[in-house]
Amino acid sequence: MLKPPERQVGSDSANQAARKPAPSRRLRAQARQSTTKLFVLDTNVLMHDPTSLFRFEEHDVFLPMMTLEELDGHKSGISEIARNARQASRFLDDIVSHAKGPIAGGIPLRRHEADNAGGRLFLQTETINGHLPANLPIGKTDNNIIGVVIYLQKRDPRRQVILVSKDINMRIKARALGLHVEDYFSDKVLEDSDLLYTGVRELPADFWDEHARDIESWKREGRTYYRIRGPLCRKLLLNEFVYQESERPMLAAVVELADDSAVLETVRDYTHGKNSVWGITARNREQNFALNLLMNPKIDFVSLLGQAGTGKTLLALAAGLMQTLDTKHYSEIIMTRVTVPVGEDIGFLPGTEEEKMGPWMGALEDNLDILNKTDEDAGEWGRAATRDLIRAKIKIKSLNFMRGRTFLEKYLIIDEAQNLTPKQMKTLITRAGPGTKVVCLGNIAQIDTPYLTEGSSGLTYVVDRMKGWLHSGHVTLQRGERSRLADHAAEAL
(Lines give C-alpha, C1' and ligand atoms only; values in the text may rest on other atoms or scores of the structure.)
Protein backbone atom coordinates (compact mmCIF):
# COMPACT_ATOMS: atom_id res chain seq x y z
CA MET A 1 0.00 0.00 0.00
CA LEU A 2 1.30 3.46 -0.94
CA LYS A 3 2.23 5.86 1.83
CA PRO A 4 0.32 9.14 1.71
CA PRO A 5 2.56 12.11 0.93
CA GLU A 6 3.98 13.99 3.87
CA ARG A 7 2.36 17.29 4.69
CA GLN A 8 4.45 20.31 3.76
CA VAL A 9 3.86 23.80 5.04
CA GLY A 10 2.73 26.15 2.25
CA SER A 11 1.99 23.36 -0.26
CA ASP A 12 -1.72 23.28 -1.23
CA SER A 13 -1.52 19.95 -3.03
CA ALA A 14 0.16 18.32 -0.04
CA ASN A 15 -2.46 19.74 2.32
CA GLN A 16 -5.26 18.35 0.16
CA ALA A 17 -3.60 14.94 0.06
CA ALA A 18 -3.21 14.93 3.83
CA ARG A 19 -6.88 15.78 4.30
CA LYS A 20 -8.00 13.02 1.92
CA PRO A 21 -8.69 9.79 3.88
CA ALA A 22 -6.51 6.81 3.14
CA PRO A 23 -8.09 4.05 1.03
CA SER A 24 -8.08 1.69 4.01
CA ARG A 25 -10.14 4.15 6.04
CA ARG A 26 -12.67 4.52 3.23
CA LEU A 27 -12.97 0.75 2.93
CA ARG A 28 -13.43 0.38 6.67
CA ALA A 29 -16.17 3.04 6.62
CA GLN A 30 -17.96 1.28 3.75
CA ALA A 31 -17.67 -2.08 5.48
CA ARG A 32 -19.05 -0.59 8.69
CA GLN A 33 -22.02 0.97 6.88
CA SER A 34 -22.90 -2.35 5.24
CA THR A 35 -23.06 -4.11 8.63
CA THR A 36 -24.68 -1.35 10.73
CA LYS A 37 -28.26 -0.16 10.29
CA LEU A 38 -29.54 3.39 9.79
CA PHE A 39 -32.52 4.21 12.03
CA VAL A 40 -34.72 7.14 10.95
CA LEU A 41 -36.52 8.52 14.02
CA ASP A 42 -40.05 9.87 13.99
CA THR A 43 -40.77 12.86 16.25
CA ASN A 44 -43.00 10.90 18.64
CA VAL A 45 -40.06 8.64 19.56
CA LEU A 46 -38.01 11.63 20.78
CA MET A 47 -41.02 13.10 22.60
CA HIS A 48 -41.67 9.76 24.27
CA ASP A 49 -38.05 9.12 25.28
CA PRO A 50 -35.45 11.89 24.72
CA THR A 51 -32.64 9.41 25.47
CA SER A 52 -33.70 7.31 22.45
CA LEU A 53 -30.85 8.98 20.52
CA PHE A 54 -28.38 6.90 22.54
CA ARG A 55 -30.32 3.60 22.56
CA PHE A 56 -29.28 2.15 19.19
CA GLU A 57 -25.85 0.82 20.24
CA GLU A 58 -23.45 0.61 17.27
CA HIS A 59 -26.05 1.66 14.67
CA ASP A 60 -26.50 5.12 13.14
CA VAL A 61 -29.43 7.53 13.68
CA PHE A 62 -30.90 9.86 11.04
CA LEU A 63 -33.16 12.83 11.86
CA PRO A 64 -35.23 14.31 9.01
CA MET A 65 -35.73 18.08 8.99
CA MET A 66 -39.49 17.62 9.60
CA THR A 67 -38.69 15.79 12.85
CA LEU A 68 -36.70 18.80 14.04
CA GLU A 69 -39.53 21.13 12.95
CA GLU A 70 -42.13 19.11 14.89
CA LEU A 71 -39.83 18.97 17.91
CA ASP A 72 -39.61 22.74 17.84
CA GLY A 73 -43.39 23.06 17.60
CA HIS A 74 -43.98 20.95 20.74
CA LYS A 75 -41.32 22.45 23.04
CA SER A 76 -43.57 25.12 24.61
CA GLY A 77 -45.63 24.30 27.69
CA ILE A 78 -45.34 22.37 30.97
CA SER A 79 -46.70 19.01 29.81
CA GLU A 80 -44.63 15.83 29.82
CA ILE A 81 -44.42 15.95 26.00
CA ALA A 82 -43.12 19.55 26.07
CA ARG A 83 -40.50 18.68 28.69
CA ASN A 84 -39.32 15.70 26.65
CA ALA A 85 -39.17 17.83 23.48
CA ARG A 86 -36.99 20.39 25.27
CA GLN A 87 -34.72 17.66 26.66
CA ALA A 88 -34.32 16.09 23.21
CA SER A 89 -33.37 19.51 21.82
CA ARG A 90 -30.75 19.92 24.57
CA PHE A 91 -29.25 16.53 23.70
CA LEU A 92 -29.11 17.47 20.02
CA ASP A 93 -27.52 20.83 20.82
CA ASP A 94 -24.87 19.12 22.96
CA ILE A 95 -24.08 16.59 20.20
CA VAL A 96 -23.96 19.13 17.35
CA SER A 97 -21.95 21.71 19.32
CA HIS A 98 -19.21 19.13 19.97
CA ALA A 99 -18.99 18.04 16.32
CA LYS A 100 -15.38 18.15 15.09
CA GLY A 101 -16.06 17.46 11.41
CA PRO A 102 -18.74 18.34 8.87
CA ILE A 103 -22.31 17.51 9.98
CA ALA A 104 -23.06 15.78 6.67
CA GLY A 105 -20.43 13.14 7.50
CA GLY A 106 -22.16 12.18 10.75
CA ILE A 107 -21.49 13.15 14.37
CA PRO A 108 -20.37 10.51 16.92
CA LEU A 109 -23.15 9.88 19.45
CA ARG A 110 -20.79 8.70 22.19
CA ARG A 111 -20.22 11.65 24.54
CA HIS A 112 -18.25 9.78 27.22
CA GLU A 113 -17.04 6.26 28.04
CA ALA A 114 -20.24 5.34 29.90
CA ASP A 115 -22.38 5.75 26.75
CA ASN A 116 -23.46 2.59 24.94
CA ALA A 117 -24.06 4.49 21.69
CA GLY A 118 -21.32 3.70 19.19
CA GLY A 119 -22.98 5.02 16.04
CA ARG A 120 -23.27 8.42 14.40
CA LEU A 121 -26.01 11.02 14.18
CA PHE A 122 -26.95 12.22 10.69
CA LEU A 123 -29.10 15.31 10.16
CA GLN A 124 -30.89 16.09 6.89
CA THR A 125 -28.67 18.67 5.19
CA GLU A 126 -30.23 18.65 1.70
CA THR A 127 -33.66 19.03 0.16
CA ILE A 128 -35.30 15.67 -0.54
CA ASN A 129 -38.29 15.77 -2.91
CA GLY A 130 -39.96 13.61 -5.50
CA HIS A 131 -39.58 10.22 -3.82
CA LEU A 132 -43.17 9.74 -2.63
CA PRO A 133 -45.73 7.66 -4.55
CA ALA A 134 -48.27 9.78 -6.43
CA ASN A 135 -51.20 8.72 -4.22
CA LEU A 136 -49.65 10.19 -1.03
CA PRO A 137 -50.18 13.93 -0.36
CA ILE A 138 -46.90 15.85 -0.24
CA GLY A 139 -47.66 18.41 2.47
CA LYS A 140 -48.17 15.93 5.33
CA THR A 141 -45.35 15.55 7.86
CA ASP A 142 -45.61 11.74 8.11
CA ASN A 143 -45.44 11.38 4.32
CA ASN A 144 -42.45 13.74 4.20
CA ILE A 145 -40.56 11.50 6.64
CA ILE A 146 -41.55 8.40 4.63
CA GLY A 147 -40.16 10.13 1.51
CA VAL A 148 -36.84 10.65 3.33
CA VAL A 149 -36.70 6.93 4.19
CA ILE A 150 -37.38 5.98 0.53
CA TYR A 151 -34.60 8.34 -0.60
CA LEU A 152 -32.08 6.97 1.92
CA GLN A 153 -32.84 3.39 0.86
CA LYS A 154 -32.36 4.27 -2.83
CA ARG A 155 -29.16 6.19 -2.10
CA ASP A 156 -27.54 3.26 -0.29
CA PRO A 157 -29.32 0.01 -1.28
CA ARG A 158 -26.73 -2.17 0.48
CA ARG A 159 -27.59 -0.70 3.87
CA GLN A 160 -30.72 -1.48 5.89
CA VAL A 161 -32.71 1.71 6.57
CA ILE A 162 -35.36 1.36 9.28
CA LEU A 163 -38.07 3.85 10.23
CA VAL A 164 -38.77 3.93 14.00
CA SER A 165 -42.16 5.35 15.02
CA LYS A 166 -44.70 5.08 17.86
CA ASP A 167 -47.46 6.01 15.38
CA ILE A 168 -49.29 2.82 14.35
CA ASN A 169 -50.84 4.33 11.21
CA MET A 170 -47.48 5.60 10.03
CA ARG A 171 -46.01 2.12 10.50
CA ILE A 172 -48.87 0.63 8.48
CA LYS A 173 -48.32 3.12 5.61
CA ALA A 174 -44.56 2.49 5.60
CA ARG A 175 -45.04 -1.28 5.51
CA ALA A 176 -47.55 -0.92 2.67
CA LEU A 177 -44.81 0.88 0.70
CA GLY A 178 -42.37 -1.98 1.37
CA LEU A 179 -40.20 -0.14 3.90
CA HIS A 180 -38.56 -1.57 7.00
CA VAL A 181 -40.35 -0.10 10.04
CA GLU A 182 -40.33 -0.83 13.78
CA ASP A 183 -41.94 0.34 16.98
CA TYR A 184 -39.59 1.84 19.57
CA PHE A 185 -38.70 -1.11 21.81
CA SER A 186 -35.99 0.28 24.10
CA ASP A 187 -38.55 1.73 26.53
CA LYS A 188 -40.16 -1.66 27.01
CA VAL A 189 -39.21 -3.58 30.13
CA LEU A 190 -40.66 -6.80 28.72
CA GLU A 191 -41.71 -7.92 25.25
CA ASP A 192 -44.62 -9.91 26.70
CA SER A 193 -46.53 -8.88 29.82
CA ASP A 194 -47.08 -12.59 30.59
CA LEU A 195 -43.38 -12.72 31.53
CA LEU A 196 -43.82 -10.06 34.23
CA TYR A 197 -42.81 -11.09 37.74
CA THR A 198 -45.90 -12.21 39.70
CA GLY A 199 -44.32 -12.45 43.16
CA VAL A 200 -45.88 -15.90 43.66
CA ARG A 201 -44.40 -19.30 42.76
CA GLU A 202 -46.01 -22.74 43.03
CA LEU A 203 -43.62 -25.37 44.37
CA PRO A 204 -43.34 -28.56 42.28
CA ALA A 205 -44.79 -31.82 43.60
CA ASP A 206 -41.30 -33.30 44.22
CA PHE A 207 -40.03 -30.15 45.97
CA TRP A 208 -39.46 -31.72 49.38
CA ASP A 209 -37.81 -34.80 47.85
CA GLU A 210 -35.13 -32.62 46.22
CA HIS A 211 -34.81 -29.86 48.84
CA ALA A 212 -35.37 -31.53 52.21
CA ARG A 213 -31.79 -32.81 52.43
CA ASP A 214 -30.08 -31.30 55.51
CA ILE A 215 -33.21 -29.21 56.20
CA GLU A 216 -33.18 -26.97 59.28
CA SER A 217 -36.32 -25.79 61.04
CA TRP A 218 -36.96 -23.43 63.96
CA LYS A 219 -39.65 -21.15 65.41
CA ARG A 220 -39.49 -17.48 66.33
CA GLU A 221 -42.30 -15.11 67.35
CA GLY A 222 -45.00 -17.55 66.27
CA ARG A 223 -43.52 -18.11 62.79
CA THR A 224 -41.89 -21.29 61.49
CA TYR A 225 -38.67 -21.04 59.46
CA TYR A 226 -37.15 -23.62 57.10
CA ARG A 227 -33.64 -23.52 55.68
CA ILE A 228 -33.70 -25.52 52.45
CA ARG A 229 -31.00 -26.48 49.94
CA GLY A 230 -31.43 -27.43 46.31
CA PRO A 231 -31.51 -26.29 42.66
CA LEU A 232 -34.66 -24.15 43.03
CA CYS A 233 -32.94 -21.86 45.54
CA ARG A 234 -30.98 -20.14 42.75
CA LYS A 235 -34.25 -19.12 41.03
CA LEU A 236 -35.97 -17.67 44.10
CA LEU A 237 -36.07 -13.95 44.93
CA LEU A 238 -36.26 -12.20 48.28
CA ASN A 239 -39.86 -11.63 49.50
CA GLU A 240 -41.20 -13.97 46.81
CA PHE A 241 -44.10 -16.10 48.04
CA VAL A 242 -44.14 -19.87 47.53
CA TYR A 243 -47.00 -22.29 48.03
CA GLN A 244 -47.86 -25.96 47.66
CA GLU A 245 -51.39 -27.31 47.61
CA SER A 246 -51.99 -30.37 49.79
CA GLU A 247 -54.05 -31.47 52.79
CA ARG A 248 -51.94 -29.08 54.85
CA PRO A 249 -51.07 -26.31 52.35
CA MET A 250 -47.64 -24.74 52.54
CA LEU A 251 -47.64 -20.91 52.33
CA ALA A 252 -44.31 -19.18 52.90
CA ALA A 253 -42.15 -16.20 51.91
CA VAL A 254 -38.46 -16.19 50.98
CA VAL A 255 -36.69 -14.09 53.64
CA GLU A 256 -33.05 -15.04 53.09
CA LEU A 257 -30.96 -16.29 50.18
CA ALA A 258 -27.46 -17.74 49.92
CA ASP A 259 -25.66 -19.48 47.04
CA ASP A 260 -27.55 -22.76 47.17
CA SER A 261 -29.80 -22.30 50.20
CA ALA A 262 -32.86 -20.28 51.14
CA VAL A 263 -34.81 -19.52 54.31
CA LEU A 264 -38.60 -19.76 54.05
CA GLU A 265 -40.86 -18.11 56.62
CA THR A 266 -44.49 -19.22 57.00
CA VAL A 267 -46.92 -16.38 56.35
CA ARG A 268 -49.55 -15.06 58.74
CA ASP A 269 -53.04 -16.34 57.94
CA TYR A 270 -55.13 -13.25 57.17
CA THR A 271 -58.03 -15.42 55.95
CA HIS A 272 -58.86 -16.11 59.61
CA GLY A 273 -61.13 -13.68 61.44
CA LYS A 274 -58.74 -13.30 64.39
CA ASN A 275 -56.17 -11.70 62.06
CA SER A 276 -58.62 -9.37 60.28
CA VAL A 277 -57.25 -6.03 59.12
CA TRP A 278 -59.73 -3.23 59.90
CA GLY A 279 -62.49 -5.84 59.67
CA ILE A 280 -61.25 -7.19 56.33
CA THR A 281 -60.06 -10.76 55.85
CA ALA A 282 -58.30 -12.21 52.80
CA ARG A 283 -60.61 -14.18 50.50
CA ASN A 284 -57.95 -16.00 48.51
CA ARG A 285 -54.27 -16.97 48.59
CA GLU A 286 -52.98 -13.90 46.70
CA GLN A 287 -54.91 -11.49 48.93
CA ASN A 288 -53.36 -13.26 51.94
CA PHE A 289 -49.88 -12.72 50.47
CA ALA A 290 -50.70 -9.06 49.71
CA LEU A 291 -51.77 -8.39 53.31
CA ASN A 292 -48.55 -10.00 54.56
CA LEU A 293 -46.60 -7.43 52.54
CA LEU A 294 -48.83 -4.48 53.44
CA MET A 295 -48.71 -5.23 57.18
CA ASN A 296 -44.97 -5.91 57.30
CA PRO A 297 -43.15 -2.79 58.63
CA LYS A 298 -39.85 -4.01 57.12
CA ILE A 299 -41.28 -3.72 53.59
CA ASP A 300 -41.00 -0.13 52.30
CA PHE A 301 -42.37 -0.67 48.78
CA VAL A 302 -45.34 -2.82 47.73
CA SER A 303 -46.80 -3.19 44.23
CA LEU A 304 -50.13 -4.92 43.60
CA LEU A 305 -51.34 -5.81 40.10
CA GLY A 306 -54.71 -7.23 39.21
CA GLN A 307 -57.82 -6.76 37.14
CA ALA A 308 -60.83 -4.77 38.36
CA GLY A 309 -62.41 -6.23 41.48
CA THR A 310 -59.42 -8.13 42.87
CA GLY A 311 -59.36 -5.93 46.00
CA LYS A 312 -56.18 -3.90 45.46
CA THR A 313 -57.46 -0.56 46.81
CA LEU A 314 -59.51 -2.13 49.61
CA LEU A 315 -56.57 -4.15 50.96
CA ALA A 316 -54.18 -1.18 50.73
CA LEU A 317 -56.61 1.15 52.53
CA ALA A 318 -57.47 -1.38 55.24
CA ALA A 319 -53.78 -2.01 55.98
CA GLY A 320 -53.08 1.74 55.92
CA LEU A 321 -55.91 2.56 58.38
CA MET A 322 -54.85 -0.25 60.71
CA GLN A 323 -51.25 1.00 60.85
CA THR A 324 -52.21 4.68 60.99
CA LEU A 325 -55.07 4.71 63.51
CA ASP A 326 -54.46 1.55 65.59
CA THR A 327 -50.71 0.88 65.73
CA LYS A 328 -49.70 4.55 64.94
CA HIS A 329 -46.91 3.30 62.69
CA TYR A 330 -47.66 6.03 60.15
CA SER A 331 -48.88 9.58 60.77
CA GLU A 332 -51.32 9.73 57.84
CA ILE A 333 -52.36 8.18 54.53
CA ILE A 334 -51.64 10.06 51.29
CA MET A 335 -53.49 8.95 48.18
CA THR A 336 -52.79 10.10 44.61
CA ARG A 337 -53.48 9.00 41.06
CA VAL A 338 -53.02 10.14 37.47
CA THR A 339 -55.90 12.31 36.24
CA VAL A 340 -56.39 10.67 32.84
CA PRO A 341 -60.08 10.66 31.79
CA VAL A 342 -61.60 7.53 30.26
CA GLY A 343 -63.92 9.59 28.02
CA GLU A 344 -64.17 13.28 27.09
CA ASP A 345 -62.76 15.75 29.63
CA ILE A 346 -65.53 17.63 31.52
CA GLY A 347 -63.40 20.78 31.86
CA PHE A 348 -62.03 22.69 34.83
CA LEU A 349 -63.09 21.72 38.34
CA PRO A 350 -63.70 24.28 41.09
CA GLY A 351 -62.24 24.31 44.59
CA THR A 352 -58.99 23.50 46.37
CA GLU A 353 -56.49 20.84 45.35
CA GLU A 354 -58.31 18.19 47.40
CA GLU A 355 -61.72 19.23 46.05
CA LYS A 356 -60.44 19.13 42.46
CA MET A 357 -59.11 15.62 43.05
CA GLY A 358 -62.41 14.52 44.63
CA PRO A 359 -64.12 13.33 41.38
CA TRP A 360 -61.03 11.23 40.56
CA MET A 361 -61.18 9.53 43.96
CA GLY A 362 -64.46 7.68 43.62
CA ALA A 363 -62.61 4.42 44.34
CA LEU A 364 -61.49 5.85 47.69
CA GLU A 365 -65.04 6.79 48.73
CA ASP A 366 -66.42 3.41 47.61
CA ASN A 367 -63.87 1.50 49.67
CA LEU A 368 -64.31 3.77 52.70
CA ASP A 369 -68.02 2.90 52.63
CA ILE A 370 -67.08 -0.80 52.81
CA LEU A 371 -64.52 -0.29 55.58
CA ASN A 372 -66.93 1.86 57.60
CA LYS A 373 -69.52 -0.93 57.67
CA THR A 374 -67.16 -3.52 59.12
CA ASP A 375 -67.92 -2.43 62.71
CA GLU A 376 -71.54 -3.58 63.06
CA ASP A 377 -71.76 -2.73 66.78
CA ALA A 378 -70.79 0.93 66.43
CA GLY A 379 -74.25 2.22 65.51
CA GLU A 380 -75.05 5.15 63.23
CA TRP A 381 -73.38 7.80 65.42
CA GLY A 382 -70.31 5.66 65.98
CA ARG A 383 -69.89 5.03 62.25
CA ALA A 384 -70.28 8.73 61.47
CA ALA A 385 -67.57 9.58 64.03
CA THR A 386 -65.32 6.86 62.60
CA ARG A 387 -65.82 8.20 59.06
CA ASP A 388 -64.81 11.71 60.19
CA LEU A 389 -61.74 10.29 61.95
CA ILE A 390 -60.76 8.29 58.86
CA ARG A 391 -61.19 11.22 56.48
CA ALA A 392 -59.05 13.39 58.75
CA LYS A 393 -56.20 10.91 58.37
CA ILE A 394 -56.44 10.57 54.57
CA LYS A 395 -55.02 13.32 52.37
CA ILE A 396 -55.68 13.44 48.62
CA LYS A 397 -52.81 14.94 46.62
CA SER A 398 -52.30 15.76 42.95
CA LEU A 399 -49.27 14.47 41.05
CA ASN A 400 -48.69 17.97 39.67
CA PHE A 401 -47.39 19.25 43.02
CA MET A 402 -45.18 16.32 44.05
CA ARG A 403 -41.87 17.70 42.80
CA GLY A 404 -39.60 18.60 45.73
CA ARG A 405 -41.84 17.06 48.40
CA THR A 406 -40.51 14.73 51.12
CA PHE A 407 -42.97 12.49 52.98
CA LEU A 408 -41.96 11.47 56.52
CA GLU A 409 -43.69 8.49 58.18
CA LYS A 410 -46.50 8.50 55.62
CA TYR A 411 -48.43 5.68 53.99
CA LEU A 412 -48.43 6.68 50.27
CA ILE A 413 -50.90 4.95 47.94
CA ILE A 414 -50.41 5.49 44.18
CA ASP A 415 -53.63 4.35 42.52
CA GLU A 416 -54.01 3.61 38.77
CA ALA A 417 -50.21 3.50 38.53
CA GLN A 418 -50.33 1.83 35.10
CA ASN A 419 -50.90 5.30 33.58
CA LEU A 420 -47.56 6.61 34.88
CA THR A 421 -44.41 6.76 32.79
CA PRO A 422 -41.20 5.29 34.29
CA LYS A 423 -39.92 8.85 34.86
CA GLN A 424 -43.09 9.89 36.72
CA MET A 425 -42.92 6.71 38.79
CA LYS A 426 -39.34 7.47 39.78
CA THR A 427 -40.32 11.04 40.73
CA LEU A 428 -43.09 9.77 43.03
CA ILE A 429 -41.23 6.96 44.75
CA THR A 430 -38.20 9.15 45.47
CA ARG A 431 -40.49 11.44 47.54
CA ALA A 432 -40.41 8.83 50.31
CA GLY A 433 -38.54 9.89 53.43
CA PRO A 434 -37.67 7.85 56.56
CA GLY A 435 -40.51 5.66 57.82
CA THR A 436 -42.65 6.02 54.66
CA LYS A 437 -44.26 3.09 52.88
CA VAL A 438 -45.17 3.35 49.16
CA VAL A 439 -47.95 1.17 47.72
CA CYS A 440 -48.46 1.07 43.92
CA LEU A 441 -51.77 -0.27 42.61
CA GLY A 442 -52.83 -0.83 39.02
CA ASN A 443 -54.00 -2.98 36.16
CA ILE A 444 -51.71 -2.92 33.11
CA ALA A 445 -54.61 -4.06 30.92
CA GLN A 446 -56.33 -0.67 31.48
CA ILE A 447 -53.84 1.95 30.22
CA ASP A 448 -55.37 5.29 29.17
CA THR A 449 -52.15 7.30 28.60
CA PRO A 450 -51.12 7.77 24.93
CA TYR A 451 -47.85 6.05 23.86
CA LEU A 452 -47.81 3.82 26.97
CA THR A 453 -48.21 0.07 26.54
CA GLU A 454 -48.19 -2.89 28.90
CA GLY A 455 -44.47 -3.29 28.27
CA SER A 456 -43.49 0.37 28.74
CA SER A 457 -45.78 1.39 31.63
CA GLY A 458 -44.14 2.80 34.74
CA LEU A 459 -45.89 0.10 36.80
CA THR A 460 -44.32 -2.68 34.71
CA TYR A 461 -40.98 -0.88 34.98
CA VAL A 462 -41.08 -0.58 38.76
CA VAL A 463 -42.25 -4.18 39.31
CA ASP A 464 -39.36 -5.49 37.22
CA ARG A 465 -36.70 -3.19 38.73
CA MET A 466 -37.70 -3.54 42.40
CA LYS A 467 -38.06 -7.33 42.48
CA GLY A 468 -35.60 -9.14 44.72
CA TRP A 469 -34.85 -6.12 46.94
CA LEU A 470 -34.89 -6.89 50.67
CA HIS A 471 -37.45 -4.16 51.46
CA SER A 472 -39.87 -4.52 48.55
CA GLY A 473 -42.51 -7.03 47.54
CA HIS A 474 -44.98 -7.66 44.75
CA VAL A 475 -48.12 -9.75 44.26
CA THR A 476 -50.27 -10.16 41.15
CA LEU A 477 -53.86 -10.74 42.31
CA GLN A 478 -55.59 -13.34 40.17
CA ARG A 479 -59.18 -13.78 41.37
CA GLY A 480 -61.84 -11.09 41.34
CA GLU A 481 -63.84 -10.79 44.56
CA ARG A 482 -66.14 -7.84 43.71
CA SER A 483 -69.22 -9.72 42.51
CA ARG A 484 -70.20 -12.58 40.21
CA LEU A 485 -71.39 -10.01 37.64
CA ALA A 486 -68.05 -8.11 37.66
CA ASP A 487 -66.07 -11.37 37.42
CA HIS A 488 -68.11 -12.62 34.48
CA ALA A 489 -67.96 -9.24 32.70
CA ALA A 490 -64.14 -9.11 33.11
CA GLU A 491 -63.87 -12.50 31.35
CA ALA A 492 -66.69 -12.28 28.80
CA LEU A 493 -66.30 -8.65 27.73
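A residue counts as buried when its relative accessible area is under 20%, as exposed when that area is over 50%, and as partly exposed in between, with a 1.4 Å probe and protein chains only. At 26% relative accessibility, Trp208 therefore counts as partly exposed. The structure is a predicted model, in which local features need pLDDT of at least 70 and side-chain atom pairs count only at pLDDT 80 or more, while totals for chains, interfaces and linings use all residues. Residues are numbered from 1 along each chain as its sequence is written, and side-chain values use heavy atoms, with hydrogens and water left out.

Of the 493 residues of the protein chain, 44% count as buried. The chain has an accessible surface of about 26900 Å², of which carbon and sulfur atoms hold 51%; such areas come from the Shrake-Rupley method with a 1.4 Å probe, and for residues only the protein chains shown count as cover. The secondary structure comprises 16 helices and 18 strands, taken as DSSP runs (H or I of at least four residues for helices, E of at least two for strands) and numbered from the N terminus. Where contact means heavy atoms within 4.5 Å, 65% of the contacts between residues at least 6 apart in sequence join residues at least 24 apart.

One part of the chain forms an open sheet of six strands with mixed pairing, in the order E7-E10-E11-E12-E9-E8, two strands being paired if DSSP finds at least two bridges between them. Its edges are strand E7 (200-202) and strand E8 (216-220), each of which pairs on one side only. Neighbouring strands of this sheet are turned by 30° against each other on average, direction ignored. Within the sheet, strand E10 (residues 241-244) pairs with strand E11 (residues 250-257) in the antiparallel sense over four bridges, and Phe241 stands opposite Ala253 in E11. Helix H9 (residues 285-294) lies across E7, strand E9 (223-229), E10 and E11, and runs at about 145° to E10; axes here are lines fitted to C-alpha atoms, for helices over the stretch in contact, and angles run from 0 to 180 degrees between N-to-C directions.

Aromatic pairs come next. Rings of Phe, Tyr and Trp (its six-membered ring) pair if their centres lie within 6.5 Å, and planes under 30 degrees apart count as stacked, over 60 as edge-to-face and the rest as tilted. By this rule the count comes to eight aromatic pairs. The rings of Trp208 and Tyr226 have centres 6.1 Å apart and planes at 65°, so this pair is edge-to-face. The pair links distant parts of the chain, with Trp208 in helix H8 (residues 207-211) and Tyr226 in strand E9, 18 residues apart. Tyr226, at 22% relative accessibility, counts as partly exposed. Trp218 and Tyr225, by contrast, form a stacked pair, with 5.7 Å from centre to centre and 5° between the planes. Trp218 is partly exposed at 27% relative accessibility, whereas Tyr225 is buried at 8%. Phe39, Phe56 and Tyr184 form one aromatic cluster.

Two helices complete the picture. Helix H4 (residues 65-73) and helix H6 (residues 141-155) pack at an angle of about 150°, with their axes 9 Å apart. In this contact, Met66, Thr67 and Glu70 of H4 meet Thr141, Asn144 and Ile145 of H6. Thr141 is buried, with a relative accessible area of 19%, and touches Met66 and Glu70, not counting residues up to four places away in sequence.
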